[in-house]
Amino acid sequence: MITSTSNIQVKELLRLQKKSREREKEGVFIVEGPRMAEEIPRERIVKLYVSESFQAKCVKEKNDRFIQEAEVMSDTVFAHVSDTKTPQGILAVVRRMEYTAEDILGETPHVLVLENIQDPGNLGTIFRTAEAAGATGIVLSKDCVDLYNPKVIRSTMGAIFRIPFIYTDDLKGTIDELKREGITVYAAHLKGENSYDMEDYKTACAFLIGNEGKGLTEQAAEAATVLKKTESPEYPEKIKAAGGENLQDALLKVGISAKEALTAFESIYRPRRQEKSNNWRKYHGLPLKRSKGGKRRGDRKRNDSNSENTGIS
């Protein structure tokens, strides 16, 4: 058992928690909590740590799933390395995923292209909502917040393990490449003519999502194939909460644009996403997700009034 905060493993964990450069250098990231730990593909786990009290709880419940190969820490030491105020007793060092541009396209590409997203919670929310809506992948500009930031990882709620993504040093060049592949690229913009629900997203398409406060840069917007109107009278309260100086400024906030894009995806691809999610869990030997009524999500009626809200709030 590790009982000292001076332990070399403890110091290494702290570096990985706090420094993106260290995470990149080692090619790993940190995952905390039993729910997130269940989502990790087992072949990607580099090292597993549990607190003394978490180990005792697992023994009492006769659940040795997490503790057979885990290093045990005293509760004090575990709290020292945890990134949360209320540690849940389990922490994993996980090997990073590596994807290519081909991975994010899928059979019929439906891609999100993110420019300079800065809030960890927003990025995580976009990831989990993109998965729920059936997006095939995500492109991030190099100036987006570090995806492997512990706060982002928690906010993805496991979606980071299931939806392909790539970073790009040349966002405009990547957008141009998408267009050369026959993908229609949409951007929410004040100069747009049609609202988001007036377009056809059944063919290959991508959505550009801009920075929370400034929206898309002109360079990114000009690279789009279609500019869609940002007016959205359906969300007046959310527009006010966005905090822009006026209606047009507020509508450029990332939440509104992402919600519109992913609502469009979901209307077409949610059934495919449900089946894909449970197939992924079966492959990795994980329990199937179930609805509140006890049925597997894939078994629910498509018109279930209790289906989860996948919008960004």
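This is a predicted model: local features need pLDDT of at least 70, side-chain atom pairs count only at pLDDT 80 or more; totals for chains, interfaces and linings use all residues.

Author: Happy to! Let's take helix H7, where Pro120, Leu123, Gly124, Thr125, Ile126, Phe127, Thr129, Ala130, Glu131, Ala132 and Ala133 are buried; buried means under 20% relative accessible area, exposed over 50%, and partly exposed in between, with a 1.4 Å probe and protein chains only.

Residues are numbered from 1 along each chain as its sequence is written, and side-chain values use heavy atoms, with hydrogens and water left out.

H7 covers residues 120-133 and reaches 20 Å from its first C-alpha to its last, close to the 20 Å expected at 1.5 Å a residue; the expected span is 1.5 Å times one less than the number of residues. Helices (H or I, at least four residues) and strands (E, at least two) are DSSP runs, numbered from the N terminus.

Now look at the two ends. At the start of H7, a side-chain oxygen of aspartate 119 comes to within 2.9 Å of the backbone nitrogen of glycine 121. Just after H7, glycine 134 has a positive phi of about 95°.

Elsewhere in the chain you can find an open sheet of four strands, ordered E1-E4-E2-E3 with mixed pairing; two strands pair if DSSP finds at least two bridges between them. Strand E1 (28-32) and strand E3 (71-73) stand at the edges with a single partner strand each, so one side of each has no neighbour in the sheet. E1 pairs with strand E4 (residues 90-95) in the antiparallel sense over five bridges, and isoleucine 30 stands opposite valine 93 in E4.

Helix H1 (residues 8-18) lies across E1, strand E2 (45-51), E3 and E4, at about 95° to E1. Helix H4 (residues 52-60) also packs on the sheet, where H4 touches E2, E3 and E4 and makes about 90° with the direction of E2. Here contact means heavy atoms within 4.5 Å, and axes are lines fitted to C-alpha atoms, for helices over the stretch in contact, with angles from 0 to 180 degrees between N-to-C directions.

Notes
A polar contact is a pair of N or O atoms within 3.5 Å; within protein, one must be able to donate a hydrogen and the other to accept it, and residues adjacent in sequence count only if both atoms are side-chain atoms.
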